[in-house]
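Please open the model in a viewer and keep the selection tool at hand. The stops below say what to select next and what is found there.

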Amino acid sequence: MITLTAKKFTLHQASLMYPGHLLSLCQSATMKRPTPGCALKGSRVILVRTVDTDVIVILVGIFCNLIACYPGTCIWVAFGMGKHFQYFNINTICHNLREDKSRELPVFHAFTSQFFGKAKHSAWETWNSFPAVTEAFLFMAHHLFKSLGVNSSQFQLLEEFTCHLYYKTLRSVTKLRQDLFLRKARTMDNIPPTQDALLQHSNRSIYQASNWTTSLQPQQNAPSPVHGHQSGPYYLKHPRMTTEPAPYGHEDTNTDDRPSRFKKAISGGFSVAEKIAHYDAWANTYDEDMRSYGFTGPEIAVEYMKRYFKDTSGKYLDCGAGTGLLGVHIKELGYTDFHALDASSVALEKAKSRQAYTKFIEEFITTGKLSIETDTYDGLVCCGCFVPGHLEPDCVEDWCRIVKPGGIVFIVLCQRWLSQEPAYNEGKLEGAFQKRVDECKWELVVREQRDKYLTEDVAEVFVFKVK
Ligand SMILES: C[S@@+](CC[C@H](N)C(=O)[O-])C[C@H]1O[C@@H](n2cnc3c(N)ncnc32)[C@H](O)[C@@H]1O
């Protein structure tokens with residue numbers, strides 16, 4: 001196992017080093033379910049490659065069950081990328097936490113995920129300073145899919161824990177809300193949820209943690225989601241209870257066809273022609289639809305343009321420009337030579353109307369096929385195009401070629417696709433980026449996250465400097 005500590009160790013290399021011993025835990029696109037397929041085949045050393053902390057939490061939560069079925073199993077996680085890349089040993093984590101706390105971790109993680117402005121470390125400190133809540137977490141971890149009532153002792157403990165999380169040793173969130181609201185500089189985001197919202201959230205957390213905990217079962221017997229889940233444009237939403245009212249039951253907000261246009265755009269099984277036709281047909285209402293989902297990709301991109309595309313007279317490419325949402329900002333910032341590339345001619349027509357771009361390239365991006373000459377651009381931005389069924393990870397090969405040495409390429413994408421889209425997950429997309437780092441075609445300048453990309457989604461931003 002010593003070799004696993006090497007910085008550039010990859011899953012592929014691991015397979016070669018440990019033939020027959022490696023278990024790659026599979027993650028399903030929607031529920032993050034590690035499956036013990038290889039353990040069943042006798043593998044005992046497992047390496048999971050992920051950028052998602054949820055996966056580590058799930059592994060810790062199921063570890064005791066896994067080890068009971070497959071004694072001697074050793075699980076490693078290769079986590080993150082670039083200078084944040086590190087290995088975690090799940091056996092050691094579980095040994096230090098001990099069995100109860102390991103089993104409670106998914107419940108704790110789910111429960112403490114939705115308090116606006118409250119990071120995990122403060123939640124962890126609160127748990128340590130208020131250990132009585134362990135009884136509630138233990139109950140939740142052992143009573144899968146069982147809802148709590150407002151008068152249950154477990155919910156009362158959760159309510160008290162929530163008060164402690166906001167630095168108050170009160171027992172009632174209602175009293176605490178009143179107390180905090182009367183203080184200066186408190187916005188509605190900064191105060192705890194109502195008791196009703198907290199109860200729904202507690203039950204949603206049990207539902208989520210129960211799904212994770214039963215993920216070793218081939219056929220999970222999960223009830224339908226209730227407790228205020230909402231259908232978002234392409235997923236079941238877990239509302240952030242301090243910022244928006246949680247609905248009762250499972251509310252389907254899809255009363256118009258906007259979500260279906262979005263869903264179709266990001267679903268697979270379409271030919272190239274069909275995908276382009278879809279964007280052609282969507283071009284006229286795309287801007288409005290995306291805005292209604294709280295899409296902030298272009299605003300995030302602007303921040304990076306200001307930071308890295310300093311020379312406004314340089315030649316830049318908006319790759320996958322679509323209807324040119326970025327165009328408004330390009331104009332405002334005074335860029336004089338920004339090109340727009342997209343496969344959809346109708347979307348490009350819309351982009352033209354912004355009067356911000358100087359050239360329009362109607363081209364479908366496939367790896368190694370771009371017709372643009374080498375060393376053409378001073379910078380390239382790609383916003384919102386690494387989504388299911390769109391760009392192949394290796395298309396970045398062309399970008400290293402068409403951008404001049406010293407030029408910047410930055411990519412804004414929705415973080416969820418790094419773990420949920422089969423074409424990108426398990427390090428496939430990051431692997432394609434890293435491959436070009438290893439081949440000295442570009443270097444990673446920075447990798448950052450931005451909140452609220454699509455309502456509750458997080459954006460992942462990669463900035464590379466071409467060599
Ligand atoms: C979700 S939109 C993003 C558009 C724009 N960047 C934005 O932020 O609004 C994705 C765009 O990528 C384009 N696209 C998808 N796959 C493509 C490909 N392989 N080659 C060229 N364009 C593609 C689509 O036509 C669409 O306009």
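Begin with the ligand and select the residues around it: this shell has 12 nonpolar, 6 polar and 1 charged residues. Here Ala, Val, Leu, Ile, Met, Phe, Trp, Tyr, Cys and Pro count as nonpolar, Asp, Glu, Lys and Arg as charged, and the others, Gly among them, as polar. Of the 19 residues around the ligand, those that come nearest are Tyr279, Gly320, Gly322, Ala343 and Ile365; a residue is taken as near if its C-beta atom, placed from the backbone, lies within 6 Å of the molecule.

Two notes apply throughout. Residues are numbered from 1 along each chain as its sequence is written. The model is predicted: local features need pLDDT of at least 70, side-chain atom pairs count only at pLDDT 80 or more, and totals for chains, interfaces and linings use all residues.

Next, colour the model by pLDDT, the predictor's confidence in each residue, from 0 to 100. The protein averages 81, and 81% of the residues score at least 70. Select residues 1-40, where pLDDT stays under 50. Residues 246-255 also have a pLDDT below 50. Where pLDDT is low, the predicted coordinates should not be read in detail.

Now switch to a cartoon view, which shows 18 helices and 14 strands. Helices (H or I, at least four residues) and strands (E, at least two) are DSSP runs, numbered from the N terminus. Of the 467 residues in the protein, 40% are buried. A residue is buried if 20 or more other C-beta atoms lie within 10 Å of its own, exposed if 12 or fewer, and partly exposed in between, with C-beta atoms placed from the backbone.

Move to the largest nonpolar core, which has 65 residues; Ala301, Leu380, Val409, Phe410 and Val412 touch the most other members. Strand S12 (residues 403-414) gives the most to this core, with 8 residues. Such a core is a set of buried Ala, Val, Leu, Ile, Met, Phe, Trp, Tyr and Cys residues joined through C-beta atoms within 7 Å. Centre on Leu380: leaving aside neighbours within four places in sequence, Leu380 is in contact (C-beta atoms, placed from the backbone, within 7 Å) with Tyr316, Leu317, Cys319, Trp399, Val403 and Val409. A second, separate core of 46 residues includes Val60, Phe161, Ala197 and Leu198.

H8 covers residues 153-165 and reaches 18 Å from its first C-alpha to its last, close to the 18 Å expected at 1.5 Å a residue; the expected span is 1.5 Å times one less than the number of residues. Just after H8, select Tyr167, which takes a positive phi of about 65°.

Which strand holds Arg49? Arg49 is found in strand S2 (residues 45-50), and this residue is buried because 25 other C-beta atoms lie within 10 Å.

Finish with two loop residues. Asp375, between strands S10 and S11, has a phi near 55° and is partly exposed, with 13 other C-beta atoms within 10 Å. Cys440, between helix H18 and strand S13, has a phi near 60° and counts as exposed, with 9 C-beta neighbours inside 10 Å.

How values were computed: Contact = placed C-beta atoms within 7 Å.
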